[in-house]
Every structure is written in structure tokens, then in C-alpha cells.
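Okay, thanks for making time, everyone. Let me put the structure up and walk you through the pockets, and then a bit of helix packing.

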Amino acid sequence: MNVLGIESSCDETGVALVTALGTGVPQLRAQALHSQADMHEAYGGVVPELASRDHIRRVLPLARQVLREAGMTLGQVDLVAYTRGPGLAGALLVGAGVAVALGTALQRPAYGVHHLEGHLLSPFLAEDAPEFPFVALLVSGGHTQLMRVDGVGRYALLGETVDDAAGEAFDKSAKLLGLGYPGGPALARLAAFGNAEAFELPRPLLHSGNLDFSFAGLKTAVMTRLRKLGPDVCEQPRADLAAATQQAIVDVLVAKALKALQLTGLRRLVVAGGVGANALLRETLDRRAARIGARVHYPPPALCTDNGAMIALAAALRWQRGLLVPETDAAFDVRPRWALEDVTVP
Ligand code: KG4
Ligand code: ZN
């Protein structure tokens, strides 16, 4: 079973080919990605209309590249998977439109994948793949969720952010600090030169007793500190503030993830989504999890942020288990808030 996966939910066009044989973990044959980060940087964030137009330009050349690298022809594709949502409506429509058109032309099914399910299952593309059940910490630009995962399609939400996502906290704080887009990696780079203890920042909901998060107040706290420092703030306080912001976000994510392990009694944690690429988060989680005999699994570093491989993989894993049901019946319980309720499988 050869699955072509297309991701176009935000500012990355990703295409990949995954092959599933029997019940083994599906194998990634080839993948290609085009990031629009340079294009959006001038605007300080993603411009949805530009994103959609760029996806249109990139998606077919990337698909051709993937097929070439996999040594396959379009006729060998058995299933076309695409990101159905959540994401930017116009951007999603590009992937959905291309996938449905390819599927129709090839007389193969097109299957819409939940973007977060793609992230959640992406560690299965790592050499050190996890086993079910596990706790998943999903930390992307739009979502921060803790989930109990008992198998493919068997997800229970344990907690989530009540306002901003962790990635948003990175991005918005980075913007305040005058850093480029995307803010997470830029803030992490600046933080490397700073002292996290130089500023005291809040750890929202750290002791709330539940597994929910709140990051909106952190961005406000960063703004207040910056105002106090004045317009001519020099390099060191900026680096210190970046380090303190990163530390505050990481402290909350780590504490809640460990609490989720404690409450579920599970000893495996999967971290996925763009913020999962953060080095401080990884180091801290690895160290703290080891202390309680738990293991942390990550996707391969290149597959932390959005990509086509995770979309093809999620569809392949569902196919192996007979879970490729019509979307309207999809048993995906993460309270999806689809941007496109009406994109249906032909
Ligand atoms: O999963 P993703 O690529 O897209 C969404 O589905 O949202 O995540 C993007 C987010 C952005 O907020 C970006 O700033 C953040 O992941 N990010 C990072 C790092 N790399 C990406 N945040 C902190 N440290 C990083 N190294
Ligand atoms: Zn994502």
C-alpha cells in the first residue's frame, strides 16, 4: 500500500510517500518540503492569502520530486492522504483539492487526515518508535494538548490550553523582542546567550491541579518587562528575557506532562509538534522523565514541524487497522475544530 501524503495547513507545503507492508510500521520512501517562512517574514507572520497561492505553486512539483526520489510513478499510488484540518481554510483547500483531484483521476481514494493526528503519530517514523499506550504532549503553533493514546484512533483529551498555544507564546514573545518569524527557533537561539533567572516570569496554571495550560499572560508579562526596559534595550537584557520566557514555557510543559504520566500511570511520553524541536524542552523532559523511570519519544527532528510524511503515515496506520472510515464517521476524539467541515471524500 503506497500512500501519498499532502500537508498544506499553514506555511509549509509537504509531500511524502509512505509504504505500508502487512502490519509493520509503514516506511517513509521519500519526502519533500517547501517552507514559506522567508516569504512571510516580511509581514511578521503568516499571510493566509499568500500561503494558499504558494501552496498551489509548490504542491505538484513537490509531488513529482517525491515520486522521482521514491522511484515510483503516480500509477503506483494506492491512496492519497491530505490534511483536512485544522488550519488556514484557503491553504487546506489547496491540499484537499489536489488530493481529491489526484484520487479521482487515479480512481484511488483520497483520505482527509486530522493535522494533529499526523503530529501525534509522527514519532512512529523515528528509529525508536513508541509502543501504545502513551501520553502525548502536542505542542504546535496553534495547539497545546495532553492526550492519552491507547492506539491509532483511540485518543482521550487530558488537558489543553485555555488560550494561547505554547508555540504562540514563543512566536508572540519573539515578535515583542523584535525577532523574526517563526519566533520559536529565533527566541531559542537568542535565549542561548541569556540568563533565565534574570527575570521572574509567571508560570500560568502551574499549580492548577488539572492538565490545562494558559500562556496568554506570559506574553503580557514579556510586554510589561520590555516596556520597563525602554526602547533602547541592549542585547544582554533581551537575551535574558528570551531565556526567561523559554524557561517559563518549558517549566509548565514539563510539569504538566509529568503530571499526566503520574495521573495515567503510564511510563511513555510522546512529544510532537513544532515546539517539540526545542532543545531545552527535550533536555529537561529527558532528564526529569528518566528520574521517574519514564521514556520520552520524539519524531525525527526534521519531522517535528509540519510535513507530508506524518500525514501519509497517519493514513497508512489507519489503513492497516481498517480505520479508514468516511470522514463524517471518523472516531477521532480530540474535539476537532475543523476549519473545513465540508471537504468530503469522493
Ligand atoms: O507544528 P508546527 O510546525 O505548526 C503548527 O501546526 O502550528 O509548529 C510551529 C510552531 C511555531 O510556533 C514555532 O515557533 C514553534 O513551533 N517552534 C519552536 C521551535 N521550532 C519550532 N518553538 C520553540 N523552539 C523551537 N526550536
Ligand atoms: Zn502542525
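So, the lining of the largest pocket, split by class: 15 nonpolar, 18 polar and eight charged residues. Keep in mind that this is a predicted model. The volume of that pocket comes out at about 1,100 Å³. There are 41 residues lining it, and the closest to its centre are Gly141, Gly167, Asp171, Tyr181 and Pro182.

Which elements give two or more residues to that lining? They are helix H1 (37-41), helix H4 (115-121), helix H5 (166-176) and helix H6 (183-191). H5 gives the most, with seven residues.

On to the second largest pocket, with about 160 Å³ of space. Here H6, helix H8 (235-264) and helix H9 (279-291) each supply at least two lining residues. Among the residues of this lining are Ala188, Ala191, Ala243, Gln246, Gln247, Leu280 and Glu283. By class, you get seven nonpolar, three polar and one charged.

Helix H2 (residues 48-70) packs on helix H3 (residues 89-106) at an angle of about 25 degrees, and their axes are 8 Å apart. Angles under 35 degrees count as roughly parallel, so H2 and H3 are roughly parallel to each other. The crossing of H2 past H3 is right-handed. On the H2 side, the contact is made by Ser52, His55, Ile56, Val59 and Leu60, and on the H3 side by Gly90, Ala91, Val94 and Val98. Those contact residues divide into six nonpolar, three polar and no charged.

Conventions:
Residues numbered from 1 in each chain as written. Chains lettered and ligands numbered in written order. Predicted model: local features only at pLDDT ≥ 70, side-chain atom pairs only at ≥ 80, totals over all residues. Heavy atoms only, no water. Axes fitted to C-alpha atoms, helices over the stretch in contact; angles between N-to-C directions. Helix = DSSP H or I, 4+ residues; strand = E, 2+ residues; numbered from the N terminus. Parallel < 35°, antiparallel > 145°, perpendicular 65-115°, else oblique. Left-handed = near helix turned anticlockwise from the far one by under 90°. Contact = heavy atoms within 4.5 Å. Nonpolar A, V, L, I, M, F, W, Y, C, P; charged D, E, K, R; others polar. 1 Å grid on protein atoms, 1.4 Å probe; cavity = no way out; pocket = protein on both sides within 12 Å on 5 of 7 lines; lining within 4 Å. Points joined across faces, edges and corners; volume = space filled by probe spheres on them.
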